[in-house]
Amino acid sequence: KFLGGEPTLMSSVLEFMDFMIDNQLLNVEMFFTTNCTNDNKQFLDKLAKFNRVKFHFSLDGSGKTVEYIRHPLNWKKVSSLVEKYTMITKPPRYARTNVECNTTIQAYNISNLRDYMYWLKHTNEKLEKTIEVNFVMLNVPHQLSYKVLPLDFRNKYLEQLLNDPIMQWEVTEYSNLKGCIEQMLNDTTVKDTEHFKLFTKTFDKIRNQHIKDYIPELADIVYK
């Protein structure tokens, strides 16, 4: 099991894989957690030699939303690597799949969750593979929790998603997304909004960007 930093770039991971290959230990399960930001040909070439490969993709959304959250990430590159890594995996023996997205729900991606799930569905259909998804509610740092958002704003997107046909997709039903949505809809807490605004403005200043170019629906909350 290889976690971060980013195992696809770590020389020690590549050396370990070489040891496994040299000793023909190719049936050992290899389990990687990656943010899918690095197209390392050495890693991919070595990985293709193993018979039991599993991935957890650490993703916080799709498109411009995740580019904002994980600046300077390139979404097109990430999406392409998700496909590459998924196609390397071998059919599991007992589980439904060897591939899963781990996604943290936070203030920046509430409005992107629907598009994110449709991207995942499209990817599954394109690859004829099953990539599952698991959601975690972000609590720290507190200024990025969903609780910083006004109730009417966050509930609008959550209710739209809850009533969207994507919720009847098999992968969605198997996930914990519905439970997370219902938990947030039942929570009337609004706090740390000013910290969220300051945090975002600081991001924009340091990165020489503006949230309106990435997540425009949040711009009025941050800059009004």
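In the predicted model, the loop between α8 (177–185) and α9 (193–207) contains Asp192. This residue has a positive phi of about 65 degrees although it is not a glycine, and Asp192 is partly exposed, with a relative accessible area of 23%. A second residue of this kind is Gln24, for which phi is positive at about 55 degrees although Gln24 is not a glycine. Gln24 is located in the loop between α1 (11–22) and β1, where the residue is exposed, with a relative accessible area of 59%. Most residues other than glycine have a negative phi, and most peptide bonds are trans.

Cis peptide bonds were also identified. One joins His71 and Pro72, with omega at about 5 degrees; Pro72 belongs to the loop between α3 and α4 (75–88). Another leads from Val140 to Pro141, with omega near 0 degrees, and Pro141 is part of the loop between β4 and α6 (151–162).

The strands β1, β2, β3 and β4 form, in that order, an open sheet of 4 strands with parallel pairing. Its edges are β1 (30–34) and β4 (131–137), each of which pairs on one side only. On average, neighbouring strands of the sheet are turned by 20 degrees against each other, direction ignored. Within the sheet, β2 and β3 (residues 99–105) run parallel and are joined by 4 bridges; Val99 in β3 is the bridge partner of Phe55. Helix α5 (residues 113–127) lies across β3 and β4, and runs at about 160 degrees to β4.

Asp60 occupies the loop between β2 (53–58) and α3 (63–69). The residue is buried, with a relative accessible area of 6%. The side chain of Asp60 is joined to that of Arg70 by a polar contact of 2.7 Å. Beyond residues up to four places away in sequence, Asp60 touches Val66, Ile69, Arg70, Thr103, Thr104, Gln106 and Asn109.

Cys101 is in no disulfide, and the nearest cysteine sulfur, belonging to Cys36, is 7.6 Å away. Cys101 is buried, with a relative accessible area of 0%. Cys180 is likewise buried, with a relative accessible area of 6%.

Key. Residues are numbered from 1 along each chain as its sequence is written. This is a predicted model: local features need pLDDT of at least 70, side-chain atom pairs count only at pLDDT 80 or more; totals for chains, interfaces and linings use all residues. Side-chain values use heavy atoms; hydrogens and water are left out. Helices (H or I, at least four residues) and strands (E, at least two) are DSSP runs, numbered from the N terminus. Buried means under 20% relative accessible area, exposed over 50%, partly exposed in between (1.4 Å probe, protein chains only). A polar contact is a pair of N or O atoms within 3.5 Å; within protein, one must be able to donate a hydrogen and the other to accept it, and residues adjacent in sequence count only if both atoms are side-chain atoms. Contact means heavy atoms within 4.5 Å. Two strands pair if DSSP finds at least two bridges between them. Axes are lines fitted to C-alpha atoms, for helices over the stretch in contact, and angles run from 0 to 180 degrees between N-to-C directions. A disulfide is a pair of cysteine sulfur atoms within 2.5 Å.
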